[in-house]
Structures are given as C-alpha cells and as structure tokens.
Amino acid sequence: MDAKKATGGAPSDSAKSLPAIVPEANKQSTSYYRRSDSYATNPESDPPRYVRRLSDIGVKAFKDITWLDVGFEWRTRYEHRHNDIRYVEGGNNDPFFLRSRAWLGIRDILDPFRFAVEFQDSRVYNNRHVITDQERNEYDLINAYGELYFKNALGADDRNQNRPIRFRVGRMAYETTDRRFIARNEWRNTTNSFEGFRLNIGREANDWEVEMFGMQPVRRLQTRFDEANDHLWVFGAIGYWRKWSDIITIQPYYMGQKQTADPNGFTATNKLDREIHMPGFRAYGKVGNILDFDASFNYQLGYSGTQRQDAYGYTAEVGRTFNHPWKPRVMGFYGYATGDRNPNDNVDNRFDRFFGFARPWSADHYVIYENLSTPKIRFDLQPTQKLGFEATYAWFWLASSTDRMFDILNGNISNTLPDPGFNRDRTGRSGDYAGSAFEGRIRYQVTPRISTILGYTHFFAGEFVKNRIAAQPTHVDQRSGNTDFLYFEVLISLL
C-alpha cells in the first residue's frame with residue numbers, strides 16, 4: 001500500500017491528513033515517482049489520504065502499532081443551482097450532500113497477507129429532483145479486499161528501492177493513470193467501485209511498474225447492499241516508465257470492456273452485446289523550470305450491438321508556475337473526443353469514457369469525455385499554505401452536432417428515469433456550440449484536518465443548448481439556458 005505523495009518519499013503526518021493546498025517542495029528522495037502538474041490528474045493515494053497508521057495519530061499508547069491503518073472522514077456540501085440544464089424543469093435546487101467514510105487495514109504484521117475495508121455512507125437532503133445513485137448510496141463497502149504483498153519479490157531498482165509484487169482480490173475503489181478512465185470520482189457524493197483482481201509488478205517509487213486488472217463494476221443500489229454487474233467486465237494492462245521522471249514519465253496502456261446483453265437492462269445500451277478495445281498512451285513532465293506538460297491519446301475499436309466502434313480522444317495541457325511566493329500558475333488545455341458522426345450508418349464514433357471522472361471537464365457536470373471539443377485557460381494563486389484561488393474559463397463544442405450532449409435535459413439519470421432524448425439532435429440542425437463557463441474556487445485549510453471550499457460556476461448557453469431547450473414539448477419556463485452553480489464544502493478528517 002504505497003501512498004502517492006508529492007515528494008515521492010515517506011508520508012508525513014500532514015500529508016496523511018487532508019490534502020495540502022500547496023504540495024510540499026520536493027525533498028531529496030530515492031523515489032522515481034513525480035506528480036503531474038496538470039489539473040486534477042493525480043490519482044488518489046493508496047490507501048486514501050485520510051488514512052493513517054495508528055502509530056501516527058498522536059496517541060502515545062499506540063506509538064508502536066505501525067501495522068494498523070485507520071481513517072475516519074466526513075464531508076458535507078451545500079449546493080445552490082439555478083436553472084440546472086441537467087433537468088427538464090428549471091428553477092432553483094438547494095440540496096445538502098453528506099458523505100461519511102471509515103477505513104481499517106492491516107499490513108506488515110501478517111505479510112505476505114494484507115487486507116483492508118472501507119465503509120461509506122452517502123445521503124442527500126432537500127433535493128427537489130429524483131434521487132439517483134450519484135447522490136445516494138447508504139451503508140455500503142467501497143473497498144473490501146485481501147492481497148498478497150511480496151515486498152522484495154524482484155529485488156531492487158538502481159536507487160535501491162525494493163520492487164514488490166502485489167496481488168489484490170475483492171472489492172476495490174481506486175484510480176489509475178490520469179483518472180480519465182478508472183476513477184473513484186471524489187467530487188461526486190458516491191464512489192465508483194469494482195470487484196475482481198489487480199496485479200502490480202513493482203511500485204510507484206520504482207523506475208518501472210506494470211499493472212494488470214480484470215474487474216466487474218459495482219452497481220450502486222442506493223438503499224441495498226451493492227452488487228457486481230455480472231454482465232460487464234473491465235480489464236487492462238498499464239506500463240509506467242519513470243527512469244527519466246525528472247523530465248518525462250511515460251504510461252502506455254491497454255484497456256477494454258466486454259458486455260453481454262442484459263435483457264432487463266435499464267438503458268438501450270445495457271441491452272446490447274458490446275466489446276471495446278482501447279490502446280492508449282500518456283506522457284507528462286517538465287521542460288526545465290519553464291513549462292510543464294501532460295498529453296494523452298486513446299483509440300477505441302470493437303463493436304456495440306450491430307455497430308462497429310471507431311472512436312478516439314486526446315488531451316493536451318501546458319502550464320507554467322512562476323517563481324513568486326504566491327506560486328501563480330497559468331495553463332492552457334485542450335481536450336477532444338469524437339461523437340457519432342452519422343446516426344444512420346453502421347459505425348458508432350462516440351468515445352467511451354469507461355469509468356473516469358467527470359467534474360474537471362465541467363464543474364457543473366454538463367459534459368464528460370465524449371463528443372466534445374474543449375479549450376480551457378486556467379489561473380491558480382497560492383498566497384499562503386492555507387489559502388488558494390482558482391479561476392477557469394472553458395468553451396464547449398460538440399465534436400459531432402448529430403450526437404448527444406451527455407448530461408442535459410434528463411438525458412442520463414441512470415437507472416431512475418427513461419432518457420427522453422432531448423439531449424441529442426440527430427439532424428444536426430441545433431448546431432454544435434454548447435456554450436462556455438466561468439469557474440472559480442477559493443480553498444482554505446482551517447486546520448491540518450479541516451478544509452473548506454467555496455465555488456461558483458456560471459454557464460453561458462450556446463446555440464445547441466438553447467435549441468434543445470426550445471425543442472422540449474413541455475417547454476413552458478422560457479429558460480435562456482444560462483445557469484448558476486454555487487457550493488460550499490467542508491471536509492473533516494477525524495484522525
């Protein structure tokens with residue numbers, strides 16, 4: 001269980017509480033691991049950041065218990081949304097989201113056997129819309145696994161870092177590569193989880209590492225114990241080359257999905273036999289102290305029902321952090337993912353995001369990594385270790401005007417309401433410009449274990465959104481399509 005830390009070295013007490021607003025400066029370390037400076041692409045640590053060894057919680061009686069991992073975390077978020085275009089109905093919504101987590105894990109003392117469980121309870125109150133599995137999942141386990149950890153199985157690398165083999169089986173919630181395809185989805189009130197196996201040869205401190213997995217995604221059943229989706233498998237292999245990590249880290253990978261048709265599936269896609277193969281490549285690093293970069297490319301082939309899959313997506317980000325006590329950072333980003341070009345042919349060009357995160361594409365969750373062309377500019381400022389400011393402006397086009405804009409007008413309320421189809425114009429006459437958005441956040445670390453975020457997003461509707469609102473048969477509120485999203489979040493680690 002190797003924690004992903006900004007320094008690549010041993011985790012400190014402060015690093016193992018809540019995430020610091022500013023990553024620690026690089027210390028002398030033998031680790032090859034380097035974080036990416038790109039926005040929101042570094043996976044959650046393993047175990048998560050709120051987890052600590054019992055010996056590190058500051059209780060003298062526990063100072064020698066280094067083999068037990070524990071953690072308790074509580075988060076609440078208030079949201080105010082005005083004319084949220086994810087729904088057909090306009091107006092205001094003011095929900096409160098509550099999420100509690102607890103972790104218990106054992107390492108070292110029973111080696112090579114280790115295990116961990118992570119409990120989570122997610123609830124929402126004062127929500128005027130139908131509650132979905134993105135908001136509620138009561139009393140469940142998102143991690144419950146056993147693993148065999150052979151610490152010195154493959155000797156050591158050139159910096160004398162041991163190269164282990166780790167084989168994990170059970171239920172797992174984790175993130176990998178840049179989080180765009182396998183992610184816990186930390187912003188959301190509920191968490192992605194999988195059941196299956198994960199094999200790691202090497203670890204993140206090493207100059208190279210190989211990860212392989214085969215898993216079934218877990219269905220979030222809101223008020224019942226979750227269960228694996230036995231109609232769908234997700235599998236893959238990821239390579240990590242960190243030998244030159246001061247300049248570049250390279251991640252070649254392959255991921256795939258295989259679905260057998262579920263006659264009782266909720267959506268039309270659930271009822272299809274599907275198979276998607278996705279080779280991909282990512283590289284990130286720095287050009288001296290001048291620029292940092294992060295780029296990826298993914299191609300998808302296979303089939304979806306009777307249609308052939310032919311899609312691709314790519315991202316590119318370049319940024320610079322200036323040498324100033326407030327650490328100002330400016331970055332430019334561009335992301336592209338194909339959409340279905342012709343709804344009447346035998347080819348599906350819609351890019352599939354697998355189980356990746358959504359929010360960094362659009363803070364209000366209007367677009368995801370499919371059918372988009374999105375440039376962004378972003379500015380960060382860190383006046384103190386405790387205080388941070390972020391501002392982003394983004395533009396959203398549909399890569400194909402004949403395909404959908406994912407999460408608008410009741411289009412994807414999973415397993416709750418049928419899709420009425422307002423989020424797609426198969427003729428293409430609604431246009432391809434979805435709109436633009438300003439996003440701002442203020443983060444303040446009250447104590448090492450309490451952090452707060454105040455955020456605001458204003459979405460300026462483009463021709464596609466305006467035309468799709470007007471196309472609704474029940475269009476009575478004459479919305480412009482512009483929206484406001486204000487939120488305040490408190491995150492507390494109890495150890």
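## Legends to close-up views

**View A. The side chains of Glu-390 and Arg-441 form a salt bridge, with N and O 3.0 Å apart.** A salt bridge here is a side-chain nitrogen of Lys or Arg within 4 Å of a carboxyl oxygen of Asp or Glu. Glu-390 belongs to strand S19 (residues 387-397) and Arg-441 to strand S20, so the pair ties together parts that are 51 residues apart in sequence. Both Glu-390 and Arg-441 are buried, where buried means under 20% relative accessible area, exposed over 50%, and partly exposed in between (1.4 Å probe, protein chains only). Helices (H or I, at least four residues) and strands (E, at least two) are DSSP runs, numbered from the N terminus.

The model is predicted: local features need pLDDT of at least 70 and side-chain atom pairs count only at pLDDT 80 or more, while totals for chains, interfaces and linings use all residues. Residues are numbered from 1 along each chain as its sequence is written, and side-chain values use heavy atoms, with hydrogens and water left out.

**View B. Glu-317 and Arg-329 are joined by a salt bridge.** Their closest N and O atoms are 3.3 Å apart. The pair links distant parts of the chain, with Glu-317 in strand S15 (residues 307-321) and Arg-329 in strand S16 (residues 329-337), twelve residues apart. Glu-317 is buried at 4% relative accessibility, and Arg-329 is buried at 9%.

**View C. A salt bridge connects the side chains of Asp-121 and Arg-123.** The N to O distance is 2.7 Å. Asp-121 has a relative accessible area of 10% and is buried; Arg-123, at 17%, is also buried. The structure holds 52 salt bridges.

**View D. Salt bridges link Arg-75, Arg-77, Glu-79, Arg-81, Asp-84, Arg-86 and Glu-489 in a network.** Among the members of this network, Arg-86 is also in contact with Asn-410, the subject of the next view.

**View E. Asn-410 sits in the loop between S19 and S20.** Asn-410 is buried, with 10% relative accessibility. A polar atom of the Asn-410 side chain lies 3.2 Å from the backbone nitrogen of Val-88. Apart from neighbours within four places in sequence, Asn-410 is in contact with Arg-86, Tyr-87, Val-88, Pro-418, Asp-419 and Pro-420. Contact means heavy atoms within 4.5 Å.

**View F. The largest nonpolar core has 50 residues.** A nonpolar core is a set of buried Ala, Val, Leu, Ile, Met, Phe, Trp, Tyr and Cys residues joined through side-chain atoms within 4.5 Å. Phe-181, Met-255, Phe-354, Met-405 and Phe-459 touch the most other members. Strand S11 (residues 232-241) gives the most to this core, with four residues. A second, separate core of six residues includes Leu-54, Val-70, Ile-106 and Leu-495. In soluble globular proteins, nonpolar side chains tend to be buried together.

View G. Leaving aside neighbours within four places in sequence, the residues in contact with Phe-181 include Tyr-253, Met-255, Met-278, Asn-298, Arg-353 and Gly-356. Phe-181, Phe-333, Phe-351, Phe-354, Trp-361 and Tyr-369 form one aromatic cluster.

View H. Phe-181 and Phe-354 form an edge-to-face pair, 6.1 Å centre to centre with 85 degrees between the planes. Rings of Phe, Tyr and Trp (its six-membered ring) pair if their centres lie within 6.5 Å; planes under 30 degrees apart count as stacked, over 60 as edge-to-face and the rest as tilted. Phe-181 is in the loop between strand S7 (165-172) and strand S8 (194-201), and Phe-354 is in the loop between strand S17 (347-348) and strand S18 (372-381), so the pair ties together parts that are 173 residues apart in sequence. Phe-354 is buried at 7% relative accessibility. The ring centres of Tyr-393 and Trp-395 are 4.9 Å apart and the planes are at 55 degrees, so this pair is tilted. Tyr-393 is partly exposed, with a relative accessible area of 24%, and Trp-395 is partly exposed at 28%.

**View I. Helix H1 (residues 463-470) has Phe-464, Val-465, Arg-468 and Ile-469 as its buried residues.** These residues cover an arc of only 130 degrees around the axis, which puts them on the same side of H1. The arc is that of the directions from the helix axis to the C-beta atoms. Strand S20 (433-447) and strand S21 (450-461) are included in what covers the buried residues of H1.

Notes:
A polar contact is a pair of N or O atoms within 3.5 Å; within protein, one must be able to donate a hydrogen and the other to accept it, and residues adjacent in sequence count only if both atoms are side-chain atoms.
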